[in-house]
Amino acid sequence: MPELPEVEALKDFLTEHLVGHEIVRVLPVAISVLKTYDPPVTALEGHRVVEVLRHGKFLDLRTQDGPRLVTHLARGGWLHWKDRLPDGLPRPGKGPLALRVALETGAGFELTEAGTQKRLAVYVVRDPDEVPGVARLGPDPLADDFDEARLAALLSGERRQLKGALRDQSLLAGVGNAYSDEILHAARMSPFKLAASLTPEETHVLHEALRTTLTEAVERSRGVAAGRLKAEKKSGLRVHGRTGEPCPVCGDTIREVSFADSSLQYCPTCQMGGKPLADRRMSRLLK
């Protein structure tokens, strides 16, 4: 799933390629991708894109005197830029194509979704807060005012484990499964440590790991073409998705804990004092 760094890079890419251009056609290929109906998608046509924004993992295309196109790529979705869009109409139900947006230049982008879980979402709204997922977002961890005190206030009284807390979009916007693993590895903290139990020193360490990990990922992604961002994300990860490989910090073997629909990766030495976690759904420390 694209997370804050990749969506930030897509925002920068689309700012360069979309702003100042007119949307001449919006073609939903998979009707299920549309989560709103008023205004209709055709209301975007004839309006120029004036700004591209990011809200957590959401992309927001603002048009001049028109509605906004807000999208969430979910787990299997992606954005593909085309310097020249194909001629003719695509056949609904054939392939992963979900939505096509054409500009007056003949260029544009397509939204696709792989897999059987169709969660890619497109909203046409007058205000981004009309999108429920945007309205409930917590603070952006890369915002200038997101300091240690802000993080401490968010975690105070939070009885969930750190892994779950970092992934909660209503608590913190933009961090998902992959970067929560990376942040906790950088902070040398157990994914199952209770969020409310952090000392002021641990909060300082977590804040530093959070900001540094995301900032470095954004910098790696900056300037990378949209089609290569997935590969760039994977190449920069140190523990997530690297089960069985050596930890780049200590050399221990990276381990995994599997859940019903996801998994986490961690280093036993860096994060657990050498004790591996039990790999079962209700994971806890081996005794």
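Author: Happy to. Let's start with Gly20, which comes just after helix 1 and takes a positive phi of about 95°. Do keep in mind that this is a predicted model.

Reader: What makes helix 1 "mostly covered"?

Author: Buried means under 20% relative accessible area, and 11 of the 15 residues in helix 1 are buried. Among them are Leu4, Val7, Leu10 and Leu14, and the buried set also includes Glu6, Glu8 and Lys11.

Reader: How do you know what span to expect for helix 1?

Author: The expected span is 1.5 Å times one less than the number of residues. Helix 1 has 15 residues, for which 21 Å is expected. From its first C-alpha to its last it reaches 20 Å, close to that value.

Reader: Why is His17 called partly exposed?

Author: His17 has a relative accessible area of 23%. Buried would need under 20% and exposed over 50%, so His17 falls in between and is partly exposed.

Reader: Which residues is His17 in contact with, leaving aside its neighbours within four places in sequence?

Author: Those are Trp81 and Leu103. His17, which sits in helix 1, is also 8.6 Å from Gly108, C-alpha to C-alpha, although 91 residues separate them in sequence.

Reader: Why is the pair of Phe13 and Trp81 called edge-to-face?

Author: Two steps lead there. The ring centres are 6.1 Å apart, and rings pair if their centres lie within 6.5 Å. A search of the whole structure finds one aromatic pair, and both Phe13 and Trp81 are buried.

Reader: What makes this a link between distant parts of the chain?

Author: Phe13 belongs to helix 1 and Trp81 to strand 5, 68 residues apart.

Reader: Now the largest pocket: what lines it?

Author: The largest pocket holds about 1100 Å³ of space. It has 41 lining residues, and the closest to its centre are Met1, Lys57, Arg167, Gly176 and Asn177. Elements giving two or more residues to the lining include strand 8, helix 4 and helix 5, while helix 7 gives the most, with four.

Reader: How do the lining residues divide into nonpolar, polar and charged?

Author: There are 16 nonpolar, 12 polar and 13 charged residues in the lining.

Technical notes. Residues numbered from 1 in each chain as written. Predicted model: local features only at pLDDT ≥ 70, side-chain atom pairs only at ≥ 80, totals over all residues. Heavy atoms only, no water. 1 Å grid on protein atoms, 1.4 Å probe; cavity = no way out; pocket = protein on both sides within 12 Å on 5 of 7 lines; lining within 4 Å. Points joined across faces, edges and corners; volume = space filled by probe spheres on them. Nonpolar A, V, L, I, M, F, W, Y, C, P; charged D, E, K, R; others polar. Phe/Tyr/Trp six-rings, centres within 6.5 Å; stacked < 30°, edge-to-face > 60°. Buried < 20%, exposed > 50% of the residue type's maximum accessible area, 1.4 Å probe, protein only. Contact = heavy atoms within 4.5 Å.
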